[in-house]
Amino acid sequence: MPIDASAALAAEPRRAEIGWDHKDVQLYHLGLGAGIPATDPDELRYTLESRLQVLPSFATVAGAGTAAFGGMGAPGIDVDPAAVLHGGQAVRVHRPIPVTGRAVQTSKVAAVHDKGKAAVIVLRTEARDDDGPLWTNDAEIFVRGEGGFGGERGPSDRLTVPERAPDRTVERRIREDQALLYRLSGDWNPLHADPAFAELAGFDRPILHGLCTYGMTLKAVTDALLDGDVSRITAYRTRFTGVVFPGETLRIRMWTGDGRVQVTVTAAERDDAPVLADTLVEHS
């Protein structure tokens, strides 16, 4: 059934109450590879409740791990799940996320773009607590075969990679069990755990969650360039360009300038195969 963009955009937002505590935050950070070395003071701010801070990318899993896709059930969105790809992710935090909290989260379709042979649906989730807005999440969902309905093509968020050496390059190895740990934050897709299911999807083994790579990259930038202070981060976006497997190494290149860090992420062992592109961290 074709996408009905006008119905999707006119639908009332879905509303849900969500909550989290320090255990959810610690589990999420451990799923990103935090805690190595276990007694490193820089790592304890991600793993020890008495020193804990919250990476803004936690907003993608807060409240059961489905925050990024809360609008997929909207009227007018009736698509084949096999045709759906997670194309990009953006989060804007309005203030630091508390270690323990409760919030009201609303989800809606914010935009539907016609790319010709495909459609891009922008699913927006916004969370606020008693003190006001907390975060805004935008997930870009690429739906093959659903374009051509006469809608706007939408903006281009492509970034040109600077023609100079990166200011910092770091490598982060993905543990063999990392996808198994990350999925405990709420994304139970067997593609990330079951070899037989991964084979049916065309992979020789389970792949890492894209949002895990997303979180790992933000942590790497925070530690390398922001003195490990998550409160400095105001916004973060990326485009998913390729898969990465547990056991591989992420090569994260960073270019700094004027309150922004531009990033590319590749799979080091596979001749720097692209993993994340058009990646930008905004900070104070």
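Strand β9, residues 260-267, is mostly covered, with 7 of its 8 residues buried. Keep in mind as you look around that this is a predicted model.

**β9 and its partner β8**
- Strand β8, which spans residues 249-257, runs antiparallel to β9, and 8 bridges join the two.
- For a handy reference point in this pairing, look at T256, which stands opposite V261 in β9.
- The hairpin of β8 and β9 has 2 residues between the strands, and D258 there takes a positive phi near 55°.

**β9 and its partner β10**
- β9 also pairs with strand β10, residues 273-283, in the antiparallel sense, this time over 7 bridges.
- Here T266 stands opposite P274 in β10.
- These two strands form a hairpin as well, with 5 residues between them, and D271 in the turn has a positive phi of about 55°.

**The second largest pocket**
- If you are curious about open space, the second largest pocket holds about 310 Å³.
- Its lining is made up of 16 residues, and G33, I36, E43, R172 and K219 are the ones that lie nearest the centre of the pocket.
- At least two lining residues come from each of α3 (41-47), β6 (168-173) and α6 (210-225).
- Helix α6 gives the most to this lining, supplying 4 residues.
- By residue class, the lining of the second largest pocket divides into 9 charged, 6 nonpolar and 1 polar.

How values were computed. Residues numbered from 1 in each chain as written. Predicted model: local features only at pLDDT ≥ 70, side-chain atom pairs only at ≥ 80, totals over all residues. Heavy atoms only, no water. 1 Å grid on protein atoms, 1.4 Å probe; cavity = no way out; pocket = protein on both sides within 12 Å on 5 of 7 lines; lining within 4 Å. Points joined across faces, edges and corners; volume = space filled by probe spheres on them. Nonpolar A, V, L, I, M, F, W, Y, C, P; charged D, E, K, R; others polar. Buried < 20%, exposed > 50% of the residue type's maximum accessible area, 1.4 Å probe, protein only. Pairing = 2+ DSSP bridges.
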